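Please open the model in your viewer and keep the selection tool at hand. The tour moves from one selection to the next, with a note on what is found at each stop.

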Amino acid sequence: MAVVKAPTLARPEPFRSRILDWLTTTDHKKIGILYFFNSLGFFAIGGILALLLRTELARPGTQFLSPHAYNQVFTEHGTLMIFLFVFPMLAGFGNFLVPLQIGALDMAFPRINALSFWLLPVGGLTILSGFLVKGGAGASGWTGFAPLSVQGGSGMDLWDLGLLIVGTSSLLGAINFLVTIVRMRAPGMTMMRIPVFCWAVLATSLLAVLAIPVFTAALLMLLAERHLGTVFFDASHGGSPLIWQHAFWFFGHPEVYMLILIAWGIVSEVIPVFSGKPLYGYRGVVLSFLMVTALSFTVWAHHMFATGAVELPFFSITTELISLPTGVLFFMWLGTMWKGKLRFEPPMLFAIGFIAMFLIGGIDGVWMASPAMDFAIHDTYWVVAHIHYVLFGGTVFGIMAGMYYWFPKVTGRFLSRRLGIWQFWIQLIGFNLTFFPMHVLGLRGMPRRIADYLPNEGWTGLNTLATIGAYVIAVSIALFFINVFVSLRKPRDAPDDAWGAGNSLEWATTSPPPAHNFDVMPEVRSGRPVYDMRMHARAQGGGSTP
Amino acid sequence: MSATELFTDERAVRGTSSPVMGMVLFVAGEALFFAALFGAYFSVRTSASVWPPKSIGVPELAVPSVLTVLLVTSSVVLQIGVAAVRSGRIDSFRNLLGLTILLGLCFLALQAYDYSQLTFGIRDGIYPSLFYVMTGLHMAHVAGGVVLLSLVMGQTTTGQISLQRHEPVEAATIYWHFVDIVWLGLFTAFYLSVR
Amino acid sequence: MSSTHRFVRLGVAALVLVSMAACTEQPATEQAQQTHRLFYIILALAIFVSVVVEGALLWAIVRYRRRPGDDEEPPQREGTTRMIIAFFLFGTVIVAALFPFGEVALGNIEQNPTPIVTIDVTGSQWQWSAVYSNEGVVVSGKTFVRPLVMEVPVDEPVRINLVSNDVMHEFFVPAFYFMRNALPGHPNVFTWTPTRIGTYRGQCAEFCGLGHYQMRFIVKVVNPTDYQAWVQKERKSILKINCPPAAGNNLELTAHNISWNTNCLAITAGQSASITVHNLDAGIDHNFAIWNSLDTTHQYFAIPKFSGVATHSANLPQEVSQLKPGKYYFQCNVHGPSMSGVFIVEPAGSGQGGG
Ligand code: HEA
Ligand code: HEA
Ligand code: CUA
Ligand SMILES: [Cu+2]
């Protein structure tokens, strides 16, 4: 297949104006790349914080972090990973890909797009700056449970303010995605032809628009409680800590699906390409996304079983029902692989790793959906195991699949295959070494969020193992960063259709795409326009694609 | 044919405009924002034995009723303005928009006056907490709405609004109506339903 | 499937089951046995789903890998509606099996039979206290110093009324397979029926700030006679406390690290008296209150709660100084029994008082 050169922008620009260009850009592709940098930066920070946690927990006794420091570190670890790594990562992929995949020129509101990006680092640094103030950073967990979060110094305010900023960013971004997907599609690109990745972005954005404002309200109430003397969460004055709980989890549960949908979208793009088949049951996948979106607003109190203040059977059954659409997705991915011709390139390896690991995480969740069982494992390391099997085993493996898959499109260069395979295996082993033992720790009654434990509780060995595993993960992530760094110095070598089997429109343009996205807009007659082009070209006798 | 030309026509026929759709989504989010606050209100209220608490007493109705009239009138006026713009009468739209902004400003001023007359402060318990935070956040939304309408006013006076291009008007109107509806909710929750 | 296959599969499943079982604690209450049974049911379902899905994944990886040089396109099959429905049904069957078991276990756990012992447990930053009001026993931990130690009789329903004084806490005994939040202003009630004599560790499971990781407690399940003996001992230890009246009837009390510097205050009856409370806990509220007895049904006097570091002085009202000589009870109302002691009113002219 012929390689179309990017239009010659060869004239080297002066450095200053290049910087200015990045700071003021409203091009969705550049903003997407900025999002990637932001996310990877916060991933590295959040990961290093995690290593601090694991180092402290390796042995009993507080050798490394004081309890006060530990509490700050786990709070910021969770907060950064969730709000500043994963969601912005979705916005990164979404920004770069959605307009390309639906054949648009840019996002619906390019300037609002730039604004939502720039709010992010501002919010993130606001949260992190808590480490510099007296009393330290916010230390009430990523869930900021009131009334505990009413205590604490100005680090808590910075956490609150930072999240208000980040929430605004996500809300604006989500509205932008929704309008773009509904209104900016190319001719022939009907809703049932857009790539599933776009459906994932659409579902995530719906969740964001409807859930984030509730969190914003809770954060504002918390600020008022801390500074204006309100008593929303103060039971001795007619308020109730349950107000925070309900508001937070009404947001919090949709939030966790916002964090996984990105991976579902990516994996649903990657698996067909490396199986040589179309996605099995496109309509089933779309239906599942939408069902999950709707159901996720009905399950929030499964985080509150142990409060003794919620309707247990109702929230138990809705939570169990949410595994049905999720389960369908697994069968759709397997169905796509079935009777295919699988190519185990790094994106496919990570996608398979995703399926294998997210399944465990999902089932871990179903354990806790039974209130009686949850009473025994709630707030133990079982929950920590669950969240990392879904968020690392699920989301991070999915994101890595996406990174390897679209890197050639974004930069025009492939990531090293060899390093990718090494990274995959080290990551898989390190991940299970770290987080599998946490199931057992949970069953043995080790509570989460503790800075220290006693030597006689039988938790030491498994904690040491988990710490070793965390360092193994760190090696794999370091390999990824090295891979990116090394690959960026290579000359461009990626063809338009980088994997030779692409389906969606981004593979019809150059790698990287020109500023205006498409020199020639291919016709869209099905959900796989680039496949159609390939078939057409083959029928024409091996002629090159335009 | 360049890519740009290829798309523009197709898109113009497709339903609502982007600003209007964006605003509808934004307002949907805002609705959940206030729903969360109302949720807090009702959960507190159902578990309280006396509501409003004895120390607060039943609030006066006079000023809040005027506030309600002001805001509802402003919505009606704005809607007439939208009808005007839709039939191309830009001048009369500008006047009606001016009146809407004026009514909004009156609302803000009168509510500030109402606050100054209250016998309780925000620190005086759960009822004042809910009252001040909910009406205060609503007030901020009214102020935001006034700013938004003023921006539209700016566009109108500089001739950027026309029969062909008036999405900003439609979008700002949706927002203003929403703010109005929230006030009706607050009026019911804090004044009407407690007598 | 061949029989060897099935055999291998069963063997693997059994192995996993056994090793998982070794991970859990022996259940020590009737309720815990219910949860333990549920544990195995969920485990079986989880293993079933895992084996089906991971098995299919492995099969696809091994069976459908592309052979080198094979460039032929695989059949471009897209899923049918019937298959999508079938996949929904797979999950539905699992949920239909799981949910009822969960509900039955829940129903059994949530029963509240007439208790033999009722204990009011209170969490506060950062220790637990337990009041056996019928028995007149108060036991409490001391923040950062020692955990609460509480005893309960074996084979009897024990009702716990759980509440918090400040932020959310969580009362968790792993061997009882049970935890429940201690919420401020929202008491929670549940029942344990311990079945095995032993000493069980417990710990606060809801993050509650700096001392969360140290908010431990111990539950001793003992036979009824030992339990009675323990009650007598604890009761005596409270009644035994004695101290001389304060000089000039001016009491002084210091709160530090969420405990009082003494568990005994005494005044001479009939004379005017005063109290000075030093709160050395920066940013933490304490107060001081005098009550009729452990059951705290009547409060004679309280100073408003105030935040440290600060000092608060007040004169004791007539009602207190005119009290009938005897033993009363004082506490910090914020922290409850874990900051409490005996308030003694000595008869005038009993020698010690003087003046
Ligand atoms: C990516 C994020 C993500 C995802 C996708 C999920 C998915 C699920 N989660 Fe998870 N969850 C979190 C992130 C996530 N969670 C986080 C961060 C917390 C902790 C918050 C905190 O306290 O800090 C949490 C906590 C949490 C709790 C509260 C635990 C506690 O604190 O006690 C519960 C309880 O029900 C739960 C359940 C579930 C369920 C049932 C799913 C389901 O969606 C999973 C569905 C998937 C499957 C079941 C596998 C595939 C299905 C099949 C093959 C079909 C057949 C199978 C069956 C029918 C069983 N989660
Ligand atoms: C996407 C979300 C996400 C991700 C990816 C992770 C990743 C990890 N998490 Fe995290 N975790 C959470 C979300 C996440 N976590 C949440 C929500 C909580 C709950 C918080 C709370 O209770 O409030 C939590 C809590 C949590 C705990 C429990 C703390 C407690 O309860 O006391 C632990 C303990 O082991 C832990 C460990 C880890 C480890 C070892 C990793 C590792 O996988 C990290 C691996 C990454 C690295 C090691 C980065 C290394 C980087 C380099 C080597 C590159 C350096 C290069 C440059 C600087 C260019 N996490
Ligand atoms: Cu009390 Cu944690
Ligand atoms: Cu959830």
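Predicted model: local features only at pLDDT ≥ 70, side-chain atom pairs only at ≥ 80, totals over all residues.

Begin by selecting the iron atom of ligand 2 together with A:His77 and A:His388, whose NE2 atoms are its protein donors and lie 1.9 to 2.0 Å from it. If you then display the six donor atoms around this iron atom, the angles that they subtend run from 88 to 179°, which makes the arrangement octahedral. For comparison, the ideal angles for six octahedral donors are 90 or 180 degrees.

Next, colour the two helices that supply these histidines: A:His77 belongs to helix α3 (residues 67-102) of chain A and A:His388 to helix α13 (residues 381-411) of chain A, so that the pair, 311 residues apart, links distant parts of the chain. Both A:His77 and A:His388 are buried.

Now turn to the surface and select A:Phe15, A:Ile19, A:Leu20, A:Leu23 and A:Trp118, a nonpolar patch whose accessible area together is about 510 Å². Helix α1 (residues 15-24) of chain A gives the most to this patch, with four residues. Within helix α1 of chain A, pick out A:Leu23, which is partly exposed, its relative accessible area being 44%.

Finally, go to A:Thr336 in helix α10 (residues 323-337) of chain A. Is A:Thr336 buried or exposed? With a relative accessible area of 0%, A:Thr336 is buried, because buried means under 20%. Leaving aside residues up to four places away in sequence, show its contacts, which are A:Ile271, A:Pro272, A:Ser275, A:Lys277, A:Pro278, A:Leu279 and A:Tyr280.

Key: Residues numbered from 1 in each chain as written. Chains lettered and ligands numbered in written order. Heavy atoms only, no water. Donors = N, O, S within 2.8 Å, 3.2 Å for Na, K, Ca; no water. Tetrahedral: all angles 85-135°; square planar, octahedral: opposite > 155°, others 65-115°. Buried < 20%, exposed > 50% of the residue type's maximum accessible area, 1.4 Å probe, protein only. Patch = residues over 30% accessible without salt bridge, like charges linked within 9 Å, V, L, I, M, F, W, Y side chains within 5 Å. Areas by Shrake-Rupley, 256 points an atom, 1.4 Å probe, with all protein chains shown as cover. Salt bridge = Lys/Arg side-chain N within 4 Å of Asp/Glu carboxyl O. Contact = heavy atoms within 4.5 Å.
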